[in-house]
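Hi! Here is the structure I promised to pass on. Have a look at it first, and then read my notes below.

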Amino acid sequence: MGILLALLFILQIIGFMVMILLYLKISKFNNLEKKQQRLMKEMDQSVLAFLGEIKEENDRLIQQLNQRTDTQMKPTTNSVPREQSITEVPVPRSKQHSVPLHFALRSYQKTVDTEKNEKEKKTQSQPKSFDDLDDREKAKQLYAEGKSIEDIARELKKGKTEIELIIKFD
């Protein structure tokens with residue numbers, strides 16, 4: 001009887017130790033998940049800041065190109081002879097680009113125009129049936145209909161995080 005009691009006592013202690021170990025594993029996993037969420041938010045903010053900087057640089061480039069093409073296209077109708085206009089500052093030859101600025105500006109504007117046309121075509125095209133859409137399109141459509149991310153993930157048999165990323169980046 002004493003041995004049986006000691007054996008039960010030892011089994012209870014082992015059971016409590018196993019429960020404590022499982023609890024520690026779960027808490028580590030939860031901490032890891034929180035850390036991953038924080039890192040994802042930081043990465044999103046970094047990418048958004050980077051994209052904002054690129055957009056600002058592109059806008060500045062367009063403005064500079066517009067200003068340069070405007071000054072290059074204006075005819076000089078001054079009555080002052082060329083020799084007397086000392087105030088003009090010559091452009092150093094070393095700063096000239098290998099690609100003409102008006103060509104770069106035109107190609108950039110064509111790219112922007114084609115992107116706008118593609119977006120318009122997408123919005124004007126007839127909506128496809130739900131079965132013909134790929135998973136990204138389905139996820140966006142279901143999210144637009146107001147379904148939760150969990151429901152969308154369950155319906156499309158995808159991970160919740162994958163659906164969140166699809167919605168966030170598209």
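The protein exposes about 15500 Å², and carbon and sulfur atoms supply 59% of that. These accessible areas come from the Shrake-Rupley method with a 1.4 Å probe, and for residues only the protein chains shown count as cover.

Before you go further, keep in mind that this is a predicted model: local features need pLDDT of at least 70, side-chain atom pairs count only at pLDDT 80 or more, and totals for chains, interfaces and linings use all residues. Residues are numbered from 1 along each chain as its sequence is written, and side-chain values use heavy atoms, with hydrogens and water left out.

Now the overall layout. You'll find 5 helices and 0 strands, so the pattern along the sequence reads α-α-α-α-α (helices are DSSP runs of H or I with at least four residues, strands are runs of E with at least two, and both are numbered from the N terminus). Of the 170 residues, 8% are buried (buried means under 20% relative accessible area, exposed over 50%, and partly exposed in between, with a 1.4 Å probe and protein chains only). Looking at contacts (heavy atoms within 4.5 Å) with a separation of 6 or more, 45% are between residues 24 or more positions apart.

Which residues form the largest nonpolar core? There are 7 of them: Ala139, Leu142, Ile152, Ala153, Leu156, Ile163 and Ile166. Helix 3 (135–144), helix 4 (149–156) and helix 5 (160–169) each give two or more residues to this core, and helix 4 gives the most, with 3. A nonpolar core here is a set of buried Ala, Val, Leu, Ile, Met, Phe, Trp, Tyr and Cys residues joined through side-chain atoms within 4.5 Å.

Ile166 sits in helix 5 and counts as buried because its relative accessible area is 11%. Leaving aside neighbours within four places in sequence, Ile166 is in contact with Arg136 and Ala139. Ala153, not counting residues up to four places away in sequence, touches Lys158, Gly159, Lys160 and Ile163.

Is Lys157 buried or exposed? It is exposed, because its relative accessible area is 76%. Lys157 also has a positive phi of about 55 degrees although it is not a glycine. Most residues other than glycine have a negative phi.
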